[in-house]
Amino acid sequence: MTRDRLPQRNAFWTLSLSLLLALLLLQTTTIPQRINFWLYDALITTTPLAADPNVAIVAIDEHSLDQLGRWPWPRRRHAELVRQLTAAGADAVVFDVLFPEPSADDLALADALRNHGRVVLPVHLSPPAEDDPIAEHLPTSRLAGAAAALGHAHVELDTDGLARGLYLYHGLGRSLWPSLALAAAQLQGQGPGPEPGDAGNAAPYVNVRAQFVAVPLAGGAGTFPTYSYADVLSQPPQPGLFQGKTVFVGATASGFGDILPTPFSSLARPMPGVEYHANSYSALTQDAMIHPVTELVPNLLCLLVLVGVALTLPRLRPAQTVAFTIALTAMLVGLFALFLLGPRLWLPVANSLLVPILAFPVWSARRLAMTNRFLNRQLDELGHSPQLSLSEPATRHPATLLDQLKALLAPDGWYLAHAESAETLNAHNLDASQRPPLTAPGQWVHTNNQSWVRLVRGDQAFDLGLKLPENLGRGASQRYLRRLTLDPNYTPKPIAGPKENISARIERVRQATERMNTMQQFIRESFERMPDGVIVTDELGVIVFANGHIEEWFHEPRPSLDGLPLARLLQGHDPRDNPPWQETVSETLTQRQSRTVDLRVHGRDFLIHFAPFEIDDTAQNSIIANISDISELREQQRQHREAIDFISHDVRSPLVSQLALIEQLKRNPSEIQPEQLDQLGRLARRSYQLAEEFVQLARAEQLSETRFYECEFLAIVENARDSVSEQAFDKGIRLALQGSEDLWLNGNPELLERAVINLLTNAVQYSPANSVVTIQVFEAGHQACLTVSDEGCGIAPDELPHLFDRYRRQKSSELSGNRGAGLGLSFVHVVVEKHRGQIEVQSSVGHGSTFTIRLPVANPLPHGP
């Protein structure tokens, strides 16, 4: 079924035999013949043959009958006509008028015929009576001897009643008469003679016809110049009117019945027989008669087309099948036109045309049958495939539901009982006396830390209660319970189905498609929601799928990732030579071995795991690459190393000094000086300060929003100012607080106060004595803002980018003797980030520094009068 093609096994014989049988059945009808006639008529009428200018018609029309009297006319009038035409210089005269019986005027007519010398008279073959055999009706012997030639006047009508051709030779037994047109053409030395064997050894009474030709008409009735018989007799013809022309004389009046329907007009405006013979003569003189090919040629063409169609269609897709059918039909029509207009051969192509026309529905039916069988097998397989479906909590038994809620929420107590009988099924640290009124089934009722619901299952009702732990997650748990659908009357929104009636098989296809779409959507969303980036390649290491993390981390739009070699993507973002990415990807595919490699993209650390896998249906070796963001882990490792260095150096150094001083005092306890005790105290305070800063930073890093609650920012700043006031008083520094507006925000006030204390402590430490530290608290754009400005020595520009790095000390601080661990400002930065805020610093050497904190403001709640 690859690429919409069906299996070709037995397709040739199935299709060819089906087409052959259909063609044989159609041969019993007139459909093929009608198609051939239609094609011929369409082409002949759109490309009519030019009329021979040397052909004219003298018509026995209604006017002539009115002027000369009723038919038949005396033959002396025909003699007079011949003499008029002889005088006018007519080259030949062809009568389409029968003279089978003797008349008193035969001598005069015979003299006129001999005098002209090129007059053709007709022969008619018909049975004398209804039950008599066919016989020849010749002109009288006197007239026949005087005529230059005799010709039969018969025109063939096809099965649809239209005249398209005639036999050039027609007669009884071995006596074959040329047609009137051929007899006239032979007087001019043109036209074919009888072929050997046309008459053969036929008996004298056998009707023999030979050399059928189709006549390409010059147009409908009235195409050739026509003159009234009476007008030609009444006055001499104009000079040059009949000079050198072949004149056909015959009846055109409707009363004679000598009319023929043609492709140009059918029965609407039939053509008189005399004009049809004039058309035949015109075609003969131009060598434009159309000859039918032998029956073997169209049969061979039909067989060739049938074999070609039977071999080609099974190899094509449905859309190509339509194009092939149209192209082949057009080619056959073009071949028909080429033969008809070129070598003047009538090639019947109806059977050949019917082959592709029939092949399309026959093969489509075959294709549908095979597709139907294939779909049935696939539907059976899909029906047994695993389905991704989630049972509704509203259908679960209350005991099962309680066990699952206990595993999920870990309540401190629970209660389950029949609502009517109050029979307790399961209870712990909760009883019926604490149950609130429950009315609506499936709706939770929350009272403090208790949540209750009534469950209806069939004709039974149950009461279920949970006692949730008293912590910050209780509210989230109760909101989650409220979202659960436990009402048994709840029905999911129905999927809109087709409005018309469909078969059971199509319904199965729809259901299977929905299951597949659900599974595909689940897989697609799973890949998108995975915490890791996922890349899938083909057997050449070209990316065919990448989830959203790859697009985000590599800063590459999804369309540009599709079709990009994986090695090129990695080399472009993290170039390396030993080993190159190309080698890693190649070995994963060729050796089918997993690889795990470090990756760094846009300043972030990743771990990429290459895993080969094989698709069973295609046997293609591909790669699925899992990319994990380990930036935070690497940062933790770095912090861990820095912490070890900090403990081993900064914390260890004052402790070693304390131990050395203590050992010195132990050796001379009687000589302890106050200076030594002061030094020991300073070392102990430094150790305590370092440990405190380290602990506070660790607490800030572990801070989450579950430990946030509503607090007032101005009060936090005031508490921090009071904590630093003694230190500021010792240096004569004034702490000027500006701000009187209460600003409420969601946060951890303890860590926020500690962060402000660190800023104020730094400002006091680095400010000169008797200076001012300005503290401003205000609201700007839904943000609570704090600025701390000092009049100290400022910060060098090259140190500003690293101001909040851990364990980073300013050179000016070290030189001035204000030694710290380098954790104070890092702590402030972490606390502000945890509160989704921002911290900025502006400083210039010799002019002091200004630190600004911006925190989002919460919607304030009423706090009393």
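His 782 lies in the loop between strand E29 (772-779) and strand E30 (783-789); strands, like helices, are DSSP runs numbered from the N terminus, with at least two residues (E) for a strand and at least four (H or I) for a helix. Before I continue, please note that this is a predicted model, in which local features need pLDDT of at least 70 and side-chain atom pairs pLDDT 80 or more, while totals for chains, interfaces and linings use all residues. Residues are numbered from 1 along each chain as its sequence is written, and side-chain values use heavy atoms, without hydrogens and water.

With 66% relative accessibility, His 782 counts as exposed; the term means over 50% relative accessible area, buried means under 20%, and partly exposed lies in between, for a 1.4 Å probe and protein chains only.

Arg 592, also not a glycine, has a positive phi of about 55°. Its place is the loop between H19 and strand E23 (595-601), and at 52% relative accessibility Arg 592 is exposed. Most residues other than glycine have a negative phi, and most peptide bonds are trans.

Two cis bonds deserve mention. One joins Trp 71 and Pro 72, with omega about 0°; the other runs from Asn 578 to Pro 579, with omega near -10°. Pro 72 sits between helix H3 (62-68) and helix H4 (75-87), and Pro 579 between H18 and helix H19 (581-590).

Finally, helix H18 (residues 566-573) buries Leu 566, Ala 567, Leu 569 and Leu 570. The face turned away from that buried side carries the exposed Arg 568 and Gly 572.
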